[in-house]
Amino acid sequence: MTIASSPMSLAVSTLQEGFPESEFLPVEPLMDAPYNSPSGHSNPEIDESEIDLLSVSWNQDYGCFAAGTNHGFRIYNCDPFKETFRRDLKSGGFGIIEMLFRSNILALVGGKGNTQYPPNKVIIWDDHQSRCIGEFSFRSEVRAVKLRRDRIVVVLEHKIYVYNFMDLKLLHQIETLANPRGLCCLSHQVNTSVLACPGLRRGQVRVEHFGLNMTKLINAHDSRIACLTMTMDGLLLATASTKGTLVRIFNAMDGTRLQEVRRGVDRADIYGIALSPNVQWLAVSSDKGTVHIFSLRVRVVGEDPSSAQSVTSAAALSHQYSSSSLDALISPTSAGANPGSSLSFMKGVLPKYFSSEWSFARFHLPECTHYMSAFGSQNTVIIVGMDGSFYRCIFDPVNGGEMVQHEYVLHP
């Protein structure tokens, strides 16, 4: 592993409506000049029909997403939906694009066919300064990159490296089970520093509480972990396995299982799990072509379930949490609860799925591509497909059922 960096006069400027319209012109020979003009429009030399989507990733608050293509990358705003920024490159595209909220900082990993940036190299790009401010090279392919305002996390298939953002100093190395999907998630509250990733045993999740110098191992599933996500404060963890039938929610501090919901009975490949900002809802997308919405019975002390703000009150008190204190936060079943089987009274006699909590709301999609979902404002769900599709759906928070399609765009 090698690390190269320029002098770190790092200035992270937050943008309210996307990225600055600066040229993608770094110090040579870090990256070649783009085809696009300063206004963000692509050069006619690039045929849109030849653009292939390599990856799609949300930013940390799900307000926008990055699309890596075989000719560069593009940034989209979610509400309203619009392309706000693009960089088209001569040397090829990027397989991984990681945003840092709506700031000028991006982590880039070259896609296959990129002649200048191979898939084993991470570029930390400051688009405000139009230059590379850091570079990491590894012996194996990079599976994922995750950013916090103070940390850079690089995920390889068997190891995770955690660096300090300001000086690129290596802080932690974490061994994992084979992790080809690059599974890893971070908390994003200033006063908590939590990382979750696969452990060294099948079905195990390792949770690192760096601020507390504590590691928690959670035996989440019998099968391998397929997907995981955390709340912004790192207090709650949601996981799914390669079996793809159940999603489980845990107290990330002590590993207590707080809730279990069922996507279905048949095996499925879970593409993504999303938690709403108020921790009232959970969304699951899979290869079955359905996005399922579940009602969560986990509440944070003092949290108004109708509030759209992130979970913040618990973050400052995270060191005080125990399984007993979180048990008290489990809300009783009420309006908006997940439906169960009519035979749930025979729990322990019939197979387990008869006593499961099933999805509260759902939206059906063509089973032709990979979809990611996230929560928007006012009971909306945003769905992005690897075929260039964008959906905005609305669900009834009281009665659930089929979601209503509010917007659909098929972007080239």
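Colleague: Which loop holds T245?
Modeller: This is a predicted model, so what follows describes computed coordinates. T245 lies between two strands, β19 (236-241) and β20 (246-251). The place asked for is the loop between β19 and β20.

Colleague: Is T245 buried or exposed?
Modeller: The cut-off for buried is under 20% relative accessible area. T245 has a relative accessible area of 6%, so T245 is buried.

Colleague: Which residues does T245 touch, not counting residues up to four places away in sequence?
Modeller: Contact here means heavy atoms within 4.5 Å. With residues up to four places away in sequence not counted, T245 touches V261, R262, R263, G264, V265, D266 and R267.

Colleague: Which residue takes a positive phi in the hairpin of β19 and β20?
Modeller: β19 and β20 run antiparallel and are joined by five bridges. One of the bridge partners is N251 in β20, which pairs with L236. The hairpin has four residues between the strands, and the residue with a positive phi, near 75°, is G244.

Colleague: How many residues of β19 are buried?
Modeller: L236, A238 and A240 point one way from β19, and L237, T239 and S241 point the other way. Residues on both sides are buried. β19 is mostly covered, and the count of buried residues is six of six.

Colleague: Which residue stands opposite A238?
Modeller: β19 also pairs with strand β18 (residues 225-230), in the antiparallel sense and over five bridges. The residue opposite A238 of β19 is T229.

Colleague: What is the phi of G234 in the hairpin of β18 and β19?
Modeller: This hairpin has five residues between the strands. G234 takes a positive phi there, and its value is near 75°.

Colleague: What separates the C-alpha atoms of H209 and G234?
Modeller: H209 is found in strand β16 (residues 204-209). G234 is among the contacts of H209 that remain when neighbours within four places in sequence are left aside. The two residues are 25 apart along the chain, and their C-alpha atoms are separated by 8.7 Å.

Colleague: Which backbone oxygen does the side chain of H209 reach?
Modeller: H209 counts as buried because its relative accessibility is 3%. Its contacts beyond four places in sequence include S193, V194, M214, A252 and M253. The side chain comes to 2.8 Å from a backbone oxygen, that of A252.

Colleague: Is N213 buried or exposed?
Modeller: N213 lies in the loop between β16 and β17 (214-219). Its phi is near 55°, a positive value in a residue other than glycine. The cut-off for exposed is over 50%. N213 has 76% relative accessibility, so N213 counts as exposed.

Colleague: And S130, is that residue buried or exposed?
Modeller: S130 has a positive phi near 55° and is not glycine. Its place is in the loop between β8 (121-126) and β9 (131-137). With a relative accessible area of 14%, S130 is buried.

Colleague: Which peptide bond is cis, with omega near 0°?
Modeller: The proline concerned, P80, has its place in the loop between β4 and β5 (81-88). The cis bond is the one from D79 to P80.

Colleague: How many aromatic pairs does the structure hold, and what is the angle between the planes of F65 and Y76?
Modeller: The structure holds 19 aromatic pairs. F65 and Y76 form a stacked pair at 5.1 Å centre to centre, with 15° between the planes.

Colleague: Where in the chain are F65 and Y76?
Modeller: Both residues are buried. They are 11 residues apart, and their pair links distant parts of the chain. F65 is in strand β3 (residues 64-69) and Y76 is in strand β4 (residues 72-78).

Colleague: Why is the pair of Y161 and Y163 stacked?
Modeller: Planes under 30 degrees apart count as stacked. The ring centres of Y161 and Y163 are 6.3 Å apart, and the pair is stacked because the planes are at 25°.

Colleague: Which residues form one aromatic cluster with F65 and Y76?
Modeller: F65 and Y76 belong to one aromatic cluster.

Colleague: Which ring does the charged end of R149 sit over?
Modeller: The charged end of R149 is 4.1 Å from the centre of the ring. That ring belongs to F101.

Technical notes. Residues numbered from 1 in each chain as written. Predicted model: local features only at pLDDT ≥ 70, side-chain atom pairs only at ≥ 80, totals over all residues. Heavy atoms only, no water. Buried < 20%, exposed > 50% of the residue type's maximum accessible area, 1.4 Å probe, protein only. Polar contact = N/O pair within 3.5 Å; in protein donor to acceptor, adjacent residues only side chain to side chain. Phe/Tyr/Trp six-rings, centres within 6.5 Å; stacked < 30°, edge-to-face > 60°. Lys NZ or Arg CZ within 6 Å of the ring centre and 35° of its normal. Pairing = 2+ DSSP bridges.
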